[in-house]
Every structure is written in structure tokens, then in C-alpha cells.
Amino acid sequence: MPDVLMEVRNLKKYFKTKRGPLHAVDGINFSINKGETLGLVGESGCGKSTTGRVVLRLIDATDGEVIFDGENILDYNKTKVRTFRENAQIIFQDPFASLNPRMSVFEIIAEPLIINKKAQSRQDLRKQVLKLMDTVGLVARLENAYPHELDGGRRQRIGIARSLALKPSFIVQDEPVSALDVSIQAQILNLMEELQKEMKLTYLFISHDLGVIKHVSTNIAIMYLGKIVEMSDYSSIFKSPLHPYTKALLSAIPIPSVDIKRERIILEGDVPSPISPPPGCRFYSRCFERMDICKDTDPELIEYAPNRQVACHLIKPQSNV
Amino acid sequence: MPNNDNELLLDIKDLTIHYITEDGTVCAVNNLNLSIKRGETVGLVGETGAGKTTTALGIMQLVPNPPGKIIGGEINFAGENLAAKNEAAMRTIRGKKISMIFQDPMTSLNPVIPVRDQIAEVILLHENVTAAEGLAKAEEMLELVGIRSERAKDYPHQFSGGMRQRVVIAIALACNPELLIADEPTTALDVTIQAQVLELMKRLKSEFNTSMIMITHDLGIVADICDKVAIMYAGSVVEMADKYDLFRNPKHPYTIGLFGSIPDIEKDEEMLKPIKGYMADPANLPAGCPFSPRCELATAECHTKKPENIDLGNNHFVKCLQYANQGGE
Amino acid sequence: MSTDKNIEIMDNPETAPSKKRSQLYDIWRRFSKSKTAMLGLFIMVVLILLALTADIIAPGDERRPGYDIQNLQNTFQPPSLEHPFGTDNFGRDIFARVAHGSRISLQVGLVVVSISMFAGVALGAVSGFFSGFVDNFIMRTVDILLAIPNILLAIAIASALRPGLGSVMIAVGISAISGYARIVRASVLSLREQEFIEAARSVGASNFRIITKHILPNCMAPIIVQATMGMASAISVAAALSFIGIGIQPPTPEWGAMLAESRRFIRDHWHMVMFPGVAIALIIFALNMMGDGLRDAFDPRLKK
């Protein structure tokens, strides 16, 4: 039985808006084992980034529990949150916006160490920063450069170095490669994989790119409008998707090959607004397999098979497995 | 409309565009060759800074000047060299014979004009019709891209990103152009919406028999809707071939590297095989082959000699010295 | 380079920037490319030199300071070699008075900008960062300040206090606070949403550190531009207050006061009005040119 590092129970986050509460995250459950990666996939506005921030207490949750190493971090006070953040870090999507343009590479990577008093002396600080730069593949000469002088790939490496500075055990990766070119993206993905193995890191990997998610994840959760609609190990979702949304999402990815032809499921319309969502299944308005019951009754996330959960009225649990 | 399938609609020869700034010269496009037949869709693939957008702006003669300047080369479009045309002549071509779809549907529409009027504007500009006819045609175009006529008088902000991109497509196709340049038209959209828009573009392209340049960084989109692929690196096309040929049998080390960088949905791979190093800096290009500093196969010659365009036969062109001796002249 | 690990250093040592180069140097490089900004800077340097050397140019004697040496036999002289700007109705050398006046103007400008900048930046930063009630309270107060015309507010404050240099500086300083507060609040509001602020918070940075280390350095550009232009307007408001007689009192050679005194003689002795007037125009022009240049130098993207 693998060790569970983080367990999220019935997590909710509503934002107040003028037109009513925005259900960004609406009662989700998942758990991540130590050293594994949970891939969280969904389209813009599905609540995946909010989830990543709530589990780090960068945003306060509306309801629910986030159990990290046996303790509910939502109950933590300010000082405990600070120590928790030494264990749990985030890497951001935008390597341009996530670095202070007025700070040099050295200052950016040194900041977590200074704030949390992790360096005994100036020499020790410099040694630690240079070691971090080396770890993420930045040459030492760059320590005095400013972010705007560097390209996206190097900038993202700075962000990774910063998040590693406090030696965390858990990192939320919020679309860390979606702003990068494919050749650079592959470098960064490989780097993260190496780091994970070497430092036994646990990742919550948020992305809209199913190809990237499949490559990095142990388990995958698919989100739609604040809810998880399907969750399982990475290969089952790709081999035999259960939820209609998963099927549509998979079929919509353009495959870079001329020899594989897939039947496309083209969904109608747009994602509905997360403000005052309909009572039934969130996917009802776009579903190509909808039934009457879907309109008013929200399907529960059920255990379809071991390590396979899905929330759809069409899917009944496999009792004999 | 002439229907000779083998006629070249667009033939770009040795196009070179530089941005001349006080801090130095940015060589955005260098000796670029590209040709498109009538009705054909060419995917122009490359990463940030490869010069894709500058090429598109160059065809439209819209490179901001200063600092941009077309240094040399020809852009032959339907038998005429666009690079030699003046601004007034270009205005009759833009939007009418060549039109463009931009990446960001949020900023490419005017926020204070209803979408129908924005489409009508292009029609009135280029066609000899009355205002009422223009508006009627505009509503027809909206219908064609899947927007119901009761929404014709709505403003851009009342539409979602995908719907806005449909409006942009309607504007681009309103005058039945011969060439459509789509600059990353779906990059800002979600996957399921991207699928809708790509499906729409495919349908309209065959309906209007338009030639298209699809600028993208996504080889998946290329596999989906293009006939021919041109791979760009550091301002020039390093490999150009028929889609099937290029995907099954890529020749240039950069093209091979690109394929190795993409996580494969169909297969389980342990590690990706990325290209080492970073994109070439167009303000400071290497002396020889621009890809040589990142190339695993680079020889001493590659660092000093610029590769020529080599015809490998079967309309497969590659700019790489390792093929220099085997290519038929 | 790391060899024990599989993580490959993918950097090409030749292409990456390496030299330690301060951001101030970059700003100066861009600033120095603008001809108008450099002209402004040149004028300012000349005026500052004039202010520094005023006592050498026009030394005083034991009874009177250099700007107030009268010679009633030598009044209303037009410009000449001996008196390059001519003399006034008391026979005082106008060049000496303009030179001494530049001290007053620069002093007014600096003090006013310091008062309004520190108060405005603090208020704006707090207001933008903490939103809610604090924000509302501060900004409504600033709105009220902004609703009263600057010069009117300055008149009220200057007449409530004793007329003189000090009250002019306080008056103009207070009336300029709202400009800084608004600019800083707007930048803070947009900076607050940036990911690097969230990144700082995620590594445990306190609010104080976030404001001073991450937010304020990033709104230095608009603050400095506003300070440069604010100095120009402070000098002109101070001159205007002196002109209408509630500012600096004679015989102090404040340029505005000099204009006021000499306006009676404008028909016959143009030089008396012309030189202090030109001095005011020049310093304001110079500061505004520098402000424009600084704005472009701070944000190269704005220009491209």
C-alpha cells in the first residue's frame, strides 16, 4: 500500500461575484501518493488552477479538507502555514509574469532561503543558490542576469530553482510548460522527471494538454466546471475513456501523425458559466449521450473499478472486478 | 476562377526581412522559399522567433516599417510580385485576394462595432454593393460560420473566444479570397473549441476552394488539415515536403528533433528526446547553418557554411549539408 | 557542470548574457538616446550650476545678500555687458536675482516633491494593497483633495499659515499628494495580481516584504516620471502663488515674485519681465522633457 501524501475531501471554493457565487471548485475528492504525480486536466475555467492554489493555502477554501501528511492544512494558523509552505511549493505557468522583473536571477532564487532563514552566511547562501542553479541546468554566469534578458526556457528553470530552494516534498505545477516551445517544453518535462526521481517529489500537475499530462502522470483526474468527472491511472483513461467528456476531449486532440486516424467527436457550444451552474450534470448542455435523468440529478463520482472513478449516469460500477 | 491544379498561386523566392533597430539587426526572415498551389493548404511550422508571423506580414506587405524592412526576394502572387507593389495597390489585394486570421480573437475585433457591421465593412470596401446588400451578405457569412442571424447585431464582447474566432473567419472569407493566412488561429482556444474551429475551417476551405497558409507550432494541427508542410527555423524554411512524406520520413535534424519532443498519446515513452540548447537568437545568428549549435550531427563544415536548399526528389526540399552530395541537382 | 546526474546543462556558454550590468545603466543608455531628454537634462545641469555658483556670480556685502544690492543711480538698465539681463527698478542686477532665484525654485521643487511623493506613495501603496475599507477611506480622502483645484487649496493653506517659503512648500506639497497616491495605487492594483507576487507569498514572504521588495520597485518608473513632472508643476504653482502675493515675499528673488513686481514696467522695460519668465518656462520645459525621456527609458516596450 503506497503512502498517501495529500488527500483532498469535498473541497469547495466559491468566489463572490456580482452575478452570484462562482463555483470554481465544487466538491472534489482526490488523493496523491508519495512520489507520484496526479495530472489534473481540464479546459480554461474548469477550476484546475484554483484547486492548485487552494491546496497550498494561497487561496482560502470555502469548504472541505486538505489532509497533508496526516494534518488538515485548512485548519493551520499563520505560522503553521509558513512551515507548511517549506514543504509545498508551486511552479507557475507564465515564466514572464512569475519572476520579479527588478530582481536578478540570484536574488530570485535566494529569496525563499533568506525569508525562511535557511542560510548561515552570505557564502553559504551563494553556495546554495549556485547549487540550485546547477541542479536545474542554469550556468553560474547567469546569476546576475535579469529575467527579461533570458528566454522562456531559462526563465522557467529559474522558477523551478526557486520552488526547490526550500527542499519541498510536494510541488504544484500549474501549466509549467504551456507557455514554452515544444523543444524547450521537452527539456523542462525531462528535468522535472529527473528531479522527481532524485528528490522523491510528489507533483500535482495541472495542464490543459493531455499529451503532456499523459507523459508525466501516475493518475489522471479530468475536471469539468469545478467537478472531477473521471479519475484513474494514466493508461486506462487513454485506452478506454468512460465519461463522454473524456471521450470528446481525447478525440479533440490533434495527433501529430498521418497514419493514425481517429473519429472526432465535435462538442456543441461552449462551456457554460460556472456562476450559478445548473442542478444536474454539469456536462448536460454539451453531452452527446445525455438522458433525461442528467438534467436534474448530478451524478456522483463512483468507483467503477479499483482506481477508476467516474461521474456519469451511463456508467454503472463493475461489481465483479 | 482558373482551375489548373498545378498552377502556383504563391511563390516566395529568397525572401529576406530584417528589423533594423538601434541595438542591432534582427534577421527575422532569411532567404525563405515557399510555394503554394491553388487550393492547397500549407502548414508553416516553427517555434517562437522562427519568423512565421513576419513571413505572413511580409506577404501582406504589412511589416511595420520602421524598423522592419524587406531586404530582398520576390513574393509572386498570381503572377505578380507583391514586393514591388505600392501601398495603394496592396490595399486592393488585402482582404480581397489575401486575407489573414490572427491569433488572438480578443484583440482582432473592434469592440465598439457590432460583428455584422465589421464583416460588412470589408465587403463594402472591396465589392461594388450597396450598404443593404453588404449587411445581407454579412449575415449570410455569419450563418455560414455557425452564428445565428439574431446574434448578428451583438458586439464582440458578447461572444466567447471560439465564437469570436468564427467572426474573424467570416471577415476573412467575406470577399472570397484566393489565399487565406491563418496565424495560430486556435492557439488561444480550448481543445474542444479548437476542434470546432478546425472542423469549420476545413469545411469552408473546401467550399470556397481557398488556398491556405496555416501558421502553427502544433504538428497535430498540421497532420489534421494541411496538404504540405514547411518547417521553419531561424527565419528560413529548413524542410518542405508533402505532409505524408514529411511525417513518415523527416529529413532535417530539427524536424526529427521536433517529433522527438512531443509527448506521444499513443505510446508510453520513458523520456522525451528534446533538442538540446535554446532557440537561435535572430539578432545574433551563427555563421554557418543556424541549427548547427543545437545539432547532434553537426560537422565542422556546418558551423561555417550555410546550407543550400536541396531537392531530394518528390517535392521534398531540405536545407541541410548532410544531404548536399546525394541530392539530384 | 553536473556530470553525476542525468540533468544536462543545455546552455550554450557563448550566447547567454553574463556580465553584471545594472538596470540603471540600461535606463541611462535609453535615456541618453533621446535628444529632447538630453536637452532637458542639459538645461537642468546649467540651472543647478547657476544655483550652486550664485554666491560667486553675485556675492553679497555685509549689509545685503547678493540679490538685493541696490544702486538707485542705475535703475531700469537694458541688458549690457556689465548687467547681462539688465537692472530693475531698484537698480539690482537681474542676472544675479535670476541666479539666486534658481536656488529658491529648485529648493521648492525638491521639497514639494519629497513631501508629496513620500506621503502619496505610502498612501497609494497601502490603499492598493489592502483594498476594502482602508482603500475606500484613503481614496475618498484623496478624491476630496483632488476635487479642490490645486491652486485654490494652496491659497487656502498659504493664507492660513504665514505667507513665506515654508507655507508655499507645504501647500503645494499637500495638494500634489493625490497624484502620487492615484498612480501608485493603480500600479499596485495591477502588480498585486501578478504571479511573482503569488510566488513570493508561496515562499513565505510577509506583506511588508511584498510591498517594499516586490511591489514598490516595480512602480518606481511611474513614480519617478511623476516626480519629475510634479517638480515642474510645483515650481509653476509656487511661482503663481508668489505672483499673486501669497507666496514668497520680496526681496527674496523668487521668479514668480519677480514677475509680479516687474509687471508694472512691462511696457517700457521688457527685460524685467522677460528673464524671470524665460527662467520659469525653461525649468518647466526641461523637467517635462526629462520626464518624457524617463518614461520611455523605463519602459522600452511602450515605444516599440
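How many bridges join β10(B) to β12(B), and in which sense do these strands run? Two bridges join them, and the strands run antiparallel. The model is predicted: local features need pLDDT of at least 70, side-chain atom pairs count only at pLDDT 80 or more, and totals for chains, interfaces and linings use all residues. Residues are numbered from 1 along each chain as its sequence is written, with chains lettered from A and ligands numbered from 1 in the order in which they are written.

**View 1. The open sheet of chain B has eight strands.** Their order is β6-β7-β8-β3-β9-β10-β12-β11, with mixed pairing. Strands are DSSP runs of E, at least two residues; helices are runs of H or I, at least four residues; both are numbered from the N terminus. Two strands pair if DSSP finds at least two bridges between them. The edge strands, each pairing on one side only, are β6 (98–101) and β11 (310–311). Helix α5 (residues 161–173) of chain B packs on the sheet and touches β6 and β7 (179–183). The direction of α5(B) makes about 175° with that of β6(B). Angles run from 0 to 180 degrees between N-to-C directions, and axes are lines fitted to C-alpha atoms, for helices over the stretch in contact. Contact between two residues means C-beta atoms, placed from the backbone, within 7 Å.

**View 2. Strand β10 (residues 236–242) of chain B is largely enclosed by the rest of the structure, because six of its seven residues are buried.** A buried residue has 20 or more other C-beta atoms within 10 Å of its own, an exposed one 12 or fewer, and a partly exposed one a count in between, with C-beta atoms placed from the backbone. Strand β9 (residues 228–233) pairs with β10(B) in the antiparallel sense over six bridges. B:Tyr233 faces B:Ser236 across this pair. Two residues lie between the strands of the hairpin, where B:Ala234 takes a positive phi near 50°. Towards β12(B), B:Glu239 stands opposite B:Val318. B:Val318 is also the bridge partner of B:Ile310. Two bridges join β11(B) to β12 (residues 317–318), again antiparallel.

**View 3. Chain B meets chain A through 36 residues of chain B and 35 residues of chain A.** On the chain B side, α6 (191–208), α7 (219–225), α8 (243–248) and α9 (253–261) each give two or more residues. α6(B) gives the most, with seven residues. This side divides into 18 nonpolar, 10 polar and eight charged residues. Nonpolar covers Ala, Val, Leu, Ile, Met, Phe, Trp, Tyr, Cys and Pro; charged covers Asp, Glu, Lys and Arg; the others, Gly among them, are polar.

**View 4. Helices α10 (residues 220–243) and α11 (residues 255–262) of chain C cross at roughly 35°.** Their axes come within 7 Å. Contacting residues include C:Ala238, C:Leu241 and C:Phe243 of α10(C) and C:Trp255, C:Gly256 and C:Leu259 of α11(C). The contact divides into nine nonpolar, two polar and no charged residues.

**View 5. A:Lys200 has a positive phi, near 55°, in a residue other than glycine.** A:Lys200 is found in the loop between α6 (182–199) and β8 (202–207) of chain A. A:Lys200 counts as exposed because it has 10 C-beta neighbours inside 10 Å.

**View 6. C:Phe76 also has a positive phi of about 55°, although it is not a glycine.** C:Phe76 is found in the loop between α3 (54–57) and α4 (94–130) of chain C. With 15 other C-beta atoms within 10 Å, C:Phe76 is partly exposed.
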